[in-house]
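Please walk through the strand pairing and helix packing of the model shown here.

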Amino acid sequence: MYDIHAHILPQIDDGPRSRNESLAMIIEASRTGVKTLIATPHMKDVNEKTSVKHVESLLQLLKQDVKDLNLNITLKIGMENHLASDSPDMFATGKSLTINSTKFALIELPFFGYPNYVDDTLYQLIKNGIVPVLAHPERIELIQNNPAKLEAFLDKGMIAQITSGSLIGQFGQEVKSFTEMLVATGLVHVIGSDCHRPFGRRAPDLHIGFKAAARLVGELKAKAMVYDNPKSIINGTYKIC
Ligand SMILES: [Fe+2]
């Protein structure tokens, strides 16, 4: 499986608190069948507390650990970029990162409300050649209140990534039911783990999401969400249909 949303870098955001904890997450991801993991620290934390250069060097250290331990998993860099009116500038100046230097970028919409820059900024990113991969729309109030808005974003060429744990009730029953509806109506392209810890509620387990999605839409479509689609996003070859 391929995980495009993972907080695995130590002491950057609300993810792991040490290199050992990072490594425990990577080992757990590998154990549950993840072959490629994209490190997606929060853009705001990276730029406010440290730098892109520093997170790249942290990733290099973890890559060395993976090599030393002979783990069958590849690590790549990305970012979870919260949407703001200056998002296009942040990408242009290299402060925001896409997934593995492709045109696909993990974008987090505001959790609450509907600020007036949202639509314009998303469309500006597309104009600039960046394809927004919307992080966990099932947890975003704007989409919860109006799922047709997600459909409209997808029609413009965006991609939807739900969180594995949402499908098994880790964010409550309401989010679970809503996520199931999104999956059942074909509004989901990718399942990511959005992992923050090695074990428990925010663990790097894509398999639980795959199993839950398979019960709703069958194994083939569920496999596309954890395998084919994220793989081609990471390779930069994903085609918007
Ligand atoms: Fe995240």
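**Helix packing and strand pairing**

Helices H8 and H9 are oblique to each other, because angles under 35 degrees count as roughly parallel, over 145 as roughly antiparallel, 65 to 115 as roughly perpendicular and the rest as oblique. The model is a predicted one, in which local features need pLDDT of at least 70, side-chain atom pairs count only at pLDDT 80 or more, and totals for chains, interfaces and linings use all residues. Residue numbers start from 1 along each chain as its sequence is written.

The axes of H8 (residues 173-184) and H9 (residues 207-217) cross at roughly 55° and come within 9 Å. Such axes are lines fitted to C-alpha atoms, for helices over the stretch in contact, and the angles run from 0 to 180 degrees between N-to-C directions. H8 passes H9 in a right-handed crossing; a crossing is right-handed if the near helix is turned clockwise from the far one by less than a right angle, and left-handed if anticlockwise. On the H8 side, Glu180, Val183 and Ala184 meet Ala213, Leu216 and Val217 of H9, where contact requires C-beta atoms, placed from the backbone, within 7 Å. By class, this contact of H8 with H9 has five nonpolar residues, no polar ones and one charged. Nonpolar covers Ala, Val, Leu, Ile, Met, Phe, Trp, Tyr, Cys and Pro, charged covers Asp, Glu, Lys and Arg, and the others, Gly among them, are polar.

H9 also packs against H10 (residues 219-235), at an angle of about 145° and with the axes 7 Å apart. The crossing of H9 and H10 is right-handed too. H9 contributes Gly209, Phe210, Ala213, Ala214 and Val217, and H10 contributes Glu219, Lys221, Ala222, Met225 and Val226. The contact of H9 with H10 divides into seven nonpolar, one polar and two charged residues.

Turning to the strands, five of them form an open sheet in the order E4-E5-E6-E7-E8, with parallel pairing; two strands pair if DSSP finds at least two bridges between them. E4 (80-82) and E8 (190-192) stand at the edges with a single partner strand each, so one side of each has no neighbour in the sheet. The twist from one strand to the next averages 40°. Within this sheet, E5 (residues 104-108) and E6 (residues 131-135) pair in the parallel sense over four bridges, and alanine 105 stands opposite proline 132 in E6.

Note on methods. Helices (H or I, at least four residues) and strands (E, at least two) are DSSP runs, numbered from the N terminus. Two residues are in contact if their C-beta atoms, placed from the backbone, lie within 7 Å.
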